[in-house]
Amino acid sequence: MTKMPPFPGTTGRRDWKTAFDAIRKLLANGDDTTQVFRIMRALNVGSGPSGYARLIATPEGGRIASRQVELAQRFTDKAWIASFAPGTVGAAYREFLETTGYTADGLVEVSRVNPIEDLQHPYAWYGRRSRDVHDIWHVLTGYKADESMGEAALVAFSYAQLGGLGWAFIGAAAALKSLKVTGNRLFAKAVIEGYRHGRKAKWMIGEDYEALLAEPIDAARKRLNILEPVAYKHAQRELGPLASYLSTRKDETAPTEPQKLAA
């Protein structure tokens, strides 16, 4: 297969200096989501072109790519989100928004640390798509968004699904720090499980998300081969508050904007 060209204006080289500066700040304050996007830009070299190539090589992917629906716009359409029947993925996403206070707009705003996010280019559109499905993946996998361990597990799941060294860098750093903070390997095991489950699941970025949200959530999980996060739930029970050791928020009942994307 012909190799895809790189993103215009990029060098194709990873920026480790920026990545280490950003991970240091993220591990000091897990709510500083800006650092996540700094890491992604620094390390996810080539993942956009390769992911886009994989997408358009699938039967449905060509149609999806030609339409270039901006999922953030769909996910902020309150009337559309309100239309989903109980028991569907869309209804579970609606409940997620209501209980966390998060919004698709929150991720859009914080991601603008990367100017290329807004470019009218197929790779940039694919990057926005990868960003915008993040909370839907929280809903489908069961990994909590307002919890350090849930975010780290989903980051590992995302690395298995999307590639991109930035995902692996964040998940590994959070898991390694957890060994010292928690005094055990439960957090790390949950992260490893997230990666393994991501490997086993169907390639989810290629899904038609407008159709997916109308599916019954149990049927969607079965079809996508999203497994029960056994190690994660065990760690939640055992760790209690330590499952969110990276968060600096004082009031866990009052979500802040912009929301978290990673540990």
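Modeller: Let's start with a word we'll need: a residue counts as buried when its relative accessible area is under 20%. Also keep in mind that this is a predicted model.

Now take helix H3, which runs over residues 47-56. Seven of its 10 residues are buried, so the helix is mostly covered. Those seven are Ser47, Gly48, Pro49, Gly51, Tyr52, Ala53 and Leu55. And what covers them? The buried residues of H3 pack against helix H4 (61-67), helix H9 (122-132) and H11. Helix H2, residues 34-43, is mostly covered too, with seven of its 10 residues buried. In H2 you'd be looking for Gln35, Val36, Phe37, Ile39, Met40, Ala42 and Leu43.

Along the chain Tyr52 and Ile205 are 153 residues apart, yet their C-alpha atoms are separated by 9.8 Å. Ile205 sits in the loop between helix H13 (186-200) and helix H14 (209-212). What does Ile205 touch? Setting aside neighbours within four places in sequence, Ile205 is in contact with Leu55, Tyr126, Arg129, Ser130, Val133, Trp137, Gln161 and Leu162. Leu55 is one of the buried residues of H3, so there's our link back to that helix.

Leu162 takes us over to H11, and from there to helix H12 (residues 165-182). The axes of H11 and H12 are 8 Å apart, at an angle of about 150°. That angle is over 145, so the two helices are roughly antiparallel. H11 passes H12 in a left-handed crossing. On the H11 side, Ala152, Val155, Ser158, Tyr159 and Leu162 do the touching, and they meet Leu165, Trp167, Ala168, Ile170, Gly171 and Ala174 in H12. Sorted by type, the residues in this contact are nine nonpolar, two polar and no charged.

Ser158 belongs to H11, and with a relative accessible area of 1%, under the 20% limit, it is buried. Not counting residues up to four places away in sequence, Ser158 touches Trp137, Gly163 and Trp167. Trp137 is also among the contacts of Ile205.

Now zoom out to the largest nonpolar core, which has 74 residues. Phe75, Tyr93, Leu140, Met204, Tyr209 and Leu213 touch the most other members. Helix H11, residues 148-162, gives the most to this core, with eight residues. Take Leu213 as an example: beyond its neighbours within four places in sequence, Leu213 is in contact with Phe75, Trp80, Ile81, Phe84, Thr88, Val89, Gly90, Tyr93 and Ile136.

One more helix pair, for comparison. H13 and helix H16 (residues 230-239) have axes that come within 8 Å and cross at roughly 160°. That makes H13 roughly antiparallel to H16. Their crossing is left-handed. From H13, the contact uses Leu186, Phe187, Lys189, Ala190 and Glu193, while H16 brings Val230, Ala231, Tyr232, His234, Ala235, Glu238 and Leu239. By type, this contact has eight nonpolar residues, one polar and three charged.

Definitions and conventions
Residues numbered from 1 in each chain as written. Predicted model: local features only at pLDDT ≥ 70, side-chain atom pairs only at ≥ 80, totals over all residues. Heavy atoms only, no water. Core = buried A, V, L, I, M, F, W, Y, C linked by side-chain atoms within 4.5 Å. Buried < 20%, exposed > 50% of the residue type's maximum accessible area, 1.4 Å probe, protein only. Helix = DSSP H or I, 4+ residues; strand = E, 2+ residues; numbered from the N terminus. Contact = heavy atoms within 4.5 Å. Axes fitted to C-alpha atoms, helices over the stretch in contact; angles between N-to-C directions. Parallel < 35°, antiparallel > 145°, perpendicular 65-115°, else oblique. Left-handed = near helix turned anticlockwise from the far one by under 90°. Nonpolar A, V, L, I, M, F, W, Y, C, P; charged D, E, K, R; others polar.
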